[in-house]
Every structure is written in structure tokens, then in C-alpha cells.
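Visitor: Could you take me through this model with questions and answers, keeping to what its atoms show?

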Amino acid sequence: MDEGRIIYLCRDIKDTFISLFLYCNKANFRPSPISLENAFDLFCRGVSPAGPIWDQILGYWKESLERPDKVLFMRYEEMTDEPLVQLRRLAKFLGKPFSQEEENSGLVDQIRELCSFDSMSKLEVNKTGNFIGELSNDSFFRSGVVGDWKNYLTAEMASKLNQITEEKLGWSL
């Protein structure tokens, strides 16, 4: 019996923090919005809705090395830098590699376009309606821009996140 597969997508820890901060404030999980500084302090201490992010990342990374047929570890930055390479990698992991005919017909490019952040965020279902209660569907889309953290974090904050990531993972995202 096939146990299924897991595709884990991570991104630069600084962009992860900013997206989480903005999402949580928009989703009104707290009685009042939390400041960037307070949210940053909590995040650095490992306090977030899913627990310490570094533990999660490291867990999936290790599983992807131990069970590469069951867990695929992907990075958002690689998807934006080389979308066709990553799309082929994903298709192969799912057991559905692209045939030469599909490659030649432009199918891979069509899928890349359909699944791009820009296309997905413009779908009517993602622009209107609510997911649960007052949480609007558009809450799940912000900018999709790699490095947008530079518009929010100080150099010291960025350095601290890089340092924690290096300590926790032994490598940086």
C-alpha cells in the first residue's frame, strides 16, 4: 500500500517570518495586532502557531534525506529562480515525469504559468470569499517576492535570524 508522499516547501527564514507576521495580524488571531518587534522576539524564541520553525525545517530536511521516495524538500527561492527545473523535479518525485513529447509541446511551460504565484493569486476563488469564518481567501496571498523582508526588518534583525538559522540548522536558507 502506498503511504503517500510529502512535499515540504520552505523559504528564506526572514521572508517566512514576515509572511507569518503579516498573515497573523491580518487573520486577527489575537485581540489586537502584535508589533513587529514583539512578533520577532517570539519567533526567535521559537513561539509560532506551528512551533519552532527550525525544528520543522530540520525534521523535513532529515526525512527527505532518509526517505527521498516519500519526502521532497523544496525551496521557494529555487522555484522562483529555476521554475522549470523544480517542476520537472516535482513531477519525477510524484512518479509522473514529463515525456519528451510533453516537453516539446510546451506543456511544462503551461503548467509553470498556471501554477505561478501571479496566476494563482488572480484566480477568483483566491480573491473572494472566506476560508473559515472571517478569514478571507486572499489572506493566503501577499506578494510572493523573494527578499521582501528587506522592506520590514532592520539589518540587526536579519542578522539575528541568520545567526539562529545557522546555529539550529548548520546551514542557512
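Predicted model: local features only at pLDDT ≥ 70, side-chain atom pairs only at ≥ 80, totals over all residues.

Guide: Residues are numbered from 1 along each chain as its sequence is written, and side-chain values use heavy atoms, with hydrogens and water left out.

Visitor: How many helices and strands does the chain have?
Guide: Helices (H or I, at least four residues) and strands (E, at least two) are taken as DSSP runs and numbered from the N terminus. Read from the N terminus on, the elements run β-α-α-α-β-α-α-α-α-α-α-β-β-α. The chain therefore counts, under that DSSP definition, 10 helices and 4 strands.

Visitor: What percentage of the residues in the chain is buried?
Guide: A residue is called buried under 20% relative accessible area, exposed over 50% and partly exposed in between, with a 1.4 Å probe and protein chains only. Of the 173 residues in the chain, the buried ones make up 35%.

Visitor: Which residues have the most contacts inside the largest nonpolar core?
Guide: A nonpolar core is a set of buried Ala, Val, Leu, Ile, Met, Phe, Trp, Tyr and Cys residues joined through side-chain atoms within 4.5 Å. The largest one has 23 residues, and those with the most contacts inside it are Phe-17, Trp-54, Ile-57, Leu-153 and Leu-161. At least two residues of this core come from each of β1 (6-10), α1 (13-27), α2 (36-44), α3 (53-66) and α10 (155-169).

Visitor: Where on α3 do its buried residues lie?
Guide: The buried residues of α3 are Ile-53, Trp-54, Ile-57 and Ser-64. Seen down the helix axis, they fall within an arc of 95°, the arc being that of the directions from the axis to the C-beta atoms. What covers these residues includes β1, α1, α2, β2 (71-75) and α10, whereas the face turned away carries the exposed residues Asp-55 and Glu-66.

Visitor: How far apart are the end C-alpha atoms of α3?
Guide: The expected span of a helix is 1.5 Å times one less than its number of residues. The 14 residues of α3 should therefore span 20 Å, and this agrees with the distance between the end C-alpha atoms, which is 20 Å.

Visitor: Are the rings of Phe-17 and Phe-21 stacked, tilted or edge-to-face, and what is the reason?
Guide: Rings of Phe, Tyr and Trp (its six-membered ring) pair if their centres lie within 6.5 Å, and planes under 30 degrees apart count as stacked, over 60 as edge-to-face and the rest as tilted. A search of the whole structure finds 7 aromatic pairs. In this one, the centres of the Phe-17 and Phe-21 rings are 6.2 Å apart and the planes are at 25°, so the pair is stacked.

Visitor: How many residues apart in sequence are the parts that the pair of Phe-43 and Trp-54 ties together?
Guide: Phe-43 and Trp-54 form a tilted aromatic pair, 5.4 Å centre to centre and with 55° between the planes. Phe-43 lies in helix α2 and Trp-54 in helix α3, so the pair ties together parts that are 11 residues apart in sequence. Phe-43 counts as buried at 4% relative accessibility, as does Trp-54 at 2%. The separation asked for is 11 residues.

Visitor: Over which ring does the charged end of Arg-5 sit?
Guide: A charge sits over a ring if NZ of Lys or CZ of Arg is within 6 Å of the ring centre and within 35 degrees of the ring normal. Arg-11 lies over the face of Tyr-76, at 4.9 Å from the ring centre. For Arg-5, the charged end is 5.8 Å from the centre of the ring it sits over, that of Phe-93.

Visitor: What do the buried residues of α5 pack against?
Guide: In α5 (residues 83-93), the buried residues are Gln-86, Leu-87, Ala-91 and Phe-93. They fall within an arc of 160° seen down the axis, so they line one face of the helix. These residues pack against β1, β2, α4 (76-81) and α7 (107-114).

Note on methods
Contact = heavy atoms within 4.5 Å.
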